[in-house]
Amino acid sequence: MKKNLIVAVLMTVVTTVLFGVVFPLVITGLAQVLFPKQANGQLLTRNGAVVGSRLIGQSFSSPGYFHSRPSVAGTGYDAGNSGGSNLGPTNQSLVARVQGDADRLQKEKPAAPIPMDLLTTSGSGLDPHISPEAAEFQVPRIASERGLSEDIVREAIRQHTENRQFGFLGEARVNVLELNLTLDELSPKPVTH
């Protein structure tokens, strides 16, 4: 009995050290060597300062920036509080929020249909992408605020449009943070309203 107890304790210690310390360190080391950008969260830097991650969305409110899709993660794009609202389609809070967003967007471009991803949230609330249609919807506002031609803004969208993964998974998408950083390179930052 005593021998079995000693074997059990030793096995617990050995497997804890092996799978709780050695294995994670080896995997972390391999990830840092083979995939350093991915292992470190695909952080984007400008002038030596981290401005965000290409994997987590941010809220942009200035009219001179492309706006991300709505987020209900915490106070909006809160990575520590990720998740959807879980509100059903008949919930009055959801209906009011979507209607308010639709009214605001309809004023921006009265005759155009509003892309759905500018009205709906993602499941995580942290989606860093919008559809190319949602980006196109915002072109006149961006061009006007930045003093750029619409063709230049459309070219920036085209450069940042990611096609379906492997040609058949997902949909075409545009990373909002990367697109807005490109806009800052093309034109001075707009005044925040």
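This is a predicted model: local features need pLDDT of at least 70, side-chain atom pairs count only at pLDDT 80 or more; totals for chains, interfaces and linings use all residues.

Reader: Which residues of helix H6 are buried?

Author: In H6, which spans residues 150–160, the buried residues are Val153, Ala156, Ile157 and His160. Viewed down the helix axis, they fall within an arc of 100°, so they line one face of H6.

Reader: And what does the face turned away from the buried side carry?

Author: That face of H6 carries the exposed residues Asp151, Arg158 and Gln159.

Reader: What covers the buried residues of H6?

Author: The cover includes helices H4 (132–137), H5 (139–146) and H7 (176–186), together with strands E4 (161–162) and E5 (173–175).

Reader: Which residues have the most contacts inside the largest nonpolar core?

Author: Phe66, Ile114, Val153 and Ile157 do, within a core of 27 residues. Helix H3 (92–108), H4, H5, H6 and H7 are the elements that give two or more residues to this core. H7 supplies its largest share, five residues.

Reader: What is valine 153 in contact with, leaving aside its neighbours within four places in sequence?

Author: Valine 153 is in contact with Phe66, Val139, Ile142, Ala143 and Leu148.

Reader: Turning to the strands, in which sense do E1 and E2 pair, parallel or antiparallel?

Author: Strand E1 (residues 43–46) and strand E2 (residues 49–53) pair in the antiparallel sense, over four bridges.

Reader: How many residues lie between E1 and E2 in the hairpin?

Author: There are two residues between them, and asparagine 47 in the turn has a positive phi of about 55°.

Key. Residues are numbered from 1 along each chain as its sequence is written. Side-chain values use heavy atoms; hydrogens and water are left out. Two strands pair if DSSP finds at least two bridges between them. Buried means under 20% relative accessible area, exposed over 50%, partly exposed in between (1.4 Å probe, protein chains only). The arc is that of the directions from the helix axis to the C-beta atoms. Contact means heavy atoms within 4.5 Å. A nonpolar core is a set of buried Ala, Val, Leu, Ile, Met, Phe, Trp, Tyr and Cys residues joined through side-chain atoms within 4.5 Å.
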